[in-house]
Amino acid sequence: MRAIAKKDFQSNFHSVTGWLFIAVFWAFLSFFVSNYNFLSLSSDITGTISTVEIIFLILMPILCMRSFSEEQRQKTDQILFTAPVSVGQVVFQKFLALAEIYTIPTLMTCIYPLILSAFGKVSFGSDYIAILGMWLYGLACIAICVFASSLTENPIIAAVLSFLFLFVMYLIPTIQNMVSSKTVLTKFLTAIDVRGQFENFLSGSLNITAIIYMATVIFLFLFLTTQIIQKRRYSISKKTISFGAYSSVMIVVVLAITVIVNLAVTKLPDSMQNIDVTSSRLYSLTDDTKNLVSGLKDDVTIYVLDKESASDKTLNKTLKSYEALSKHIKVSYVDPAENPTFIQKYTDDSSNVYMNSLIVTCGDKSKIVNFSDVYETSTDYTTYSQKTTGYDGEGQITSAIDYVTSDSNPVIYTLTGHNETALSSTFTDAVGKMNITVQDLDFMQNDSVPDDAQA
């Protein structure tokens, strides 16, 4: 059985296809590593990995277009299927040969984190998880392209079909952002969003859900390829109708199993779905947060001002960790485009509240966590570009929960009425983020001093 994979692997290097794929893919990644990492002085390779979505649109159809279409065109498929192996084994061996070719430049990519480590601190966990995601995403693309190749005997048409399939897959997140977040169409798009699952690997956590999703996509398209070939082989059989019914039933059963497996995985606890591999433990909540959240007695709702499909993925993972800690915490997504007056319930000035900001509520109390406060940034004044230097999602959310669930909060009283210098906006903004209220006392009009200000 291994002979089929070996033959296909060698044939790709007897022609220019295999060499061209490795050379172009490696050159593409090297260019972006030079730009994103060496020139920008960044040790994070995930930005480079995210660009492979574009190059896959071109390279994968070229690599896979001859896998079955060339066999049909030259009529050598009849010889292939007379071998003492099943159709499914033939499909898998051809897929395996293409996967081995693709794995070569993927393994070469593993060298880059080691090179970057010579110039600074590298988060090897995040980088190699991103490379794993790239490898799985590429295998899924290969399975889709092999399926397209089985549909026609013309390699050019197979390449065009493969490009169309991958291009539609690439556009799915954009289409999700164009439609309402509460429609059946959006839920369907989320279910088939392979690109979105790939991006889960780029955030620094090992996502078990995404791994299983990619595996089921690969299995599903290889199974569909097998069904297409079997259907064509038995098209002249007297049992065409019965075989067609059998094939259709099997497709429905496999689709159902695929959906059930992925739904079952999403029901696992968040701690089992995501394994934090970042060097700073970005997605692991501290003991202080766990103690605060586990002791909640009142319900807390965290509103995210964006559609879930378009919201910040890092912040989403942090919020899921909070939901997993307590049944009293609920996260809800509100699209300002659909509900423009929602934010006015919590602030009179919404002009400085950005998309992806949070509104944490408990009873009548609320606290706005602006998205600009979640990430820490620095400015390079030579290029006037901003770079993210830190993430304070947990600190901001925990502080807001503590504020809305506390019976009383600290107050700073300032004297007025004697031409005192007003506090700077920088100071008031800083103490406001610490849930401290600033209140003026005008002794010219009111000589009473609050009890909590006696000191």
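Analyst: Start with Y102. Beyond its neighbours within four places in sequence, Y102 is in contact with F21, F25, F56, M60, M134, W135, G138, L139 and I142. Keep in mind that this is a predicted model.

Now widen the view. The largest nonpolar core has 63 residues. Y102 is among those with the most contacts inside it, along with F25, F56, M60, M134 and I142. Eight helices each supply at least two residues of this core: α1 (2–14), α2 (17–39), α4 (52–64), α7 (87–109), α9 (124–149), α10 (155–178), α12 (194–199) and α13 (208–233). Helix α9 gives the most, with 15 residues.

Helix α9 has 26 residues. From first C-alpha to last, α9 reaches 37 Å, close to the 38 Å expected at 1.5 Å a residue. Helix α9 is also mostly covered, as 21 of its 26 residues are buried.

Next come the charged pairs. Side chains of opposite charge can pair when their charged atoms come close. The count here comes to four salt bridges. Take E53 and R195, whose closest N and O atoms are 3.1 Å apart. This pair links distant parts of the chain: E53 is in helix α4 and R195 in helix α12, 142 residues apart. Both E53 and R195 are buried. R195 counts as buried because its relative accessibility is 12%, under the 20% cut-off.

R195 also forms a salt bridge with E199, at 3.4 Å between the closest N and O atoms. Those two residues both lie in α12, four residues apart, about one turn of the helix. E199 counts as partly exposed, because its relative accessibility is 21%.

Elsewhere, K7 and D8 meet in a salt bridge of 3.8 Å, N to O. K7, D8 and K94 are linked in a network of salt bridges. D8 is buried, with a relative accessible area of 10%.

In α13 sits Q227, which is buried at a relative accessible area of 7%. Q227 touches S247 and I251, leaving out residues up to four places away in sequence. In α10 sits F167, which is partly exposed at 33%.

Definitions and conventions. Residues numbered from 1 in each chain as written. Predicted model: local features only at pLDDT ≥ 70, side-chain atom pairs only at ≥ 80, totals over all residues. Heavy atoms only, no water. Core = buried A, V, L, I, M, F, W, Y, C linked by side-chain atoms within 4.5 Å. Buried < 20%, exposed > 50% of the residue type's maximum accessible area, 1.4 Å probe, protein only. Contact = heavy atoms within 4.5 Å. Expected span 1.5 Å × (residues − 1). Salt bridge = Lys/Arg side-chain N within 4 Å of Asp/Glu carboxyl O.
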